[in-house]
Structure formats: C-alpha cells, structure tokens
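This briefing is meant to be read beside the sequence and the coordinates. Please keep both in view while going through the points.

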Amino acid sequence: MKVLVNNYLYEMGRKEYKGVLKVASKQIQCGIYAVEKDGFCELRKDTFDSKEELKKAVAEYA
C-alpha cells in the first residue's frame, strides 16, 4: 500500500495502513481524513462544520 502524507510517499503493509487510518480517524471528528483508490491512499485533513457540508464534499469525490 502506498500512502501520501504531506507530499511524502510511504509504502507499508495493509496491517500498518489500517493502523494509520485508525489514528487518523480519531484526529478528525467531522471531516475527510483519507482518500483511497487502487492501492494508493492520500491522507488529508479536511474538516467541516456540519454533516451536510461533509456529505457534499464526499459526493464531489465520488
């Protein structure tokens, strides 16, 4: 699994990756903390004030 964090690329196993996602999810209560596609993940820190704003941003990614 390749993970992009602040313009640095890291390669790690699935188990390590799941641990990173668990930590990231605890840091952001209402927001997007990761975007994953085809074995590549970009960690983000997009926070929103409401659930509606979050849903709109998720829809834009999809």
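Predicted model: local features only at pLDDT ≥ 70, side-chain atom pairs only at ≥ 80, totals over all residues.

Does Arg14 count as buried, exposed or partly exposed? Arg14 counts as partly exposed, because its relative accessibility is 45% and the cut-offs place buried residues under 20% and exposed ones over 50%.

**Helix α1**

- Helix α1 covers residues 14–27, and its 14 residues should span 20 Å at 1.5 Å a residue, which agrees with the 20 Å that separates its end C-alpha atoms.
- Tyr17, Leu21 and Ala24 are the buried residues of α1, and because they fall within an arc of 65 degrees when seen down the helix axis, they line one face of the helix.
- An α-helix has 3.6 residues a turn, so residues three or four places apart point the same way.
- The partners against which the buried residues of α1 pack are β1 (2–5), β3 and β4.
- On the face turned away from this buried side, α1 carries the exposed residues Lys15, Glu16, Lys22, Val23 and Lys26.

- Strand β3 (residues 31–37) pairs with strand β4 (residues 40–47) in the antiparallel sense, and the pairing runs over six bridges.
- Within this pairing, Gly31 stands opposite Thr47, which belongs to β4.
- Two residues lie between the strands of the hairpin, where Asp38 takes a positive phi near 50 degrees.

**Salt bridges**

- A search of the whole structure finds three salt bridges, and side chains of opposite charge can pair when their charged atoms come close.
- One of them joins Glu36 to Arg14, with the closest N and O atoms 3.5 Å apart; this pair links distant parts of the chain, since Glu36 lies in strand β3 and Arg14 in helix α1, 22 residues apart.
- Glu36 is partly exposed, as its relative accessible area is 40%.
- Arg44 meets Glu42 in a salt bridge with an N to O distance of 3.2 Å, and Arg44 also meets Asp46 in a salt bridge, here at 2.8 Å from N to O.

**The surroundings of Asp46**

- Asp46 lies in strand β4, and its side chain makes a polar contact of 2.8 Å with the side chain of Arg44.
- When residues up to four places away in sequence are not counted, Asp46 touches Ile28, Cys30, Gly31, Ile32 and Tyr61.

**Residues with positive phi**

- Asn7 has a positive phi of about 65 degrees although it is not a glycine, and its place is in the loop between β1 and β2 (8–11).
- Asn7 is exposed, with a relative accessible area of 73%.
- Asp38, which is not a glycine either, has a positive phi of about 50 degrees and is found in the loop between β3 and β4.
- With a relative accessible area of 75%, Asp38 is exposed.

Note on methods: Residues numbered from 1 in each chain as written. Heavy atoms only, no water. Pairing = 2+ DSSP bridges. Helix = DSSP H or I, 4+ residues; strand = E, 2+ residues; numbered from the N terminus. Expected span 1.5 Å × (residues − 1). Buried < 20%, exposed > 50% of the residue type's maximum accessible area, 1.4 Å probe, protein only. Arc of directions from axis to C-beta. Contact = heavy atoms within 4.5 Å. Salt bridge = Lys/Arg side-chain N within 4 Å of Asp/Glu carboxyl O. Polar contact = N/O pair within 3.5 Å; in protein donor to acceptor, adjacent residues only side chain to side chain.
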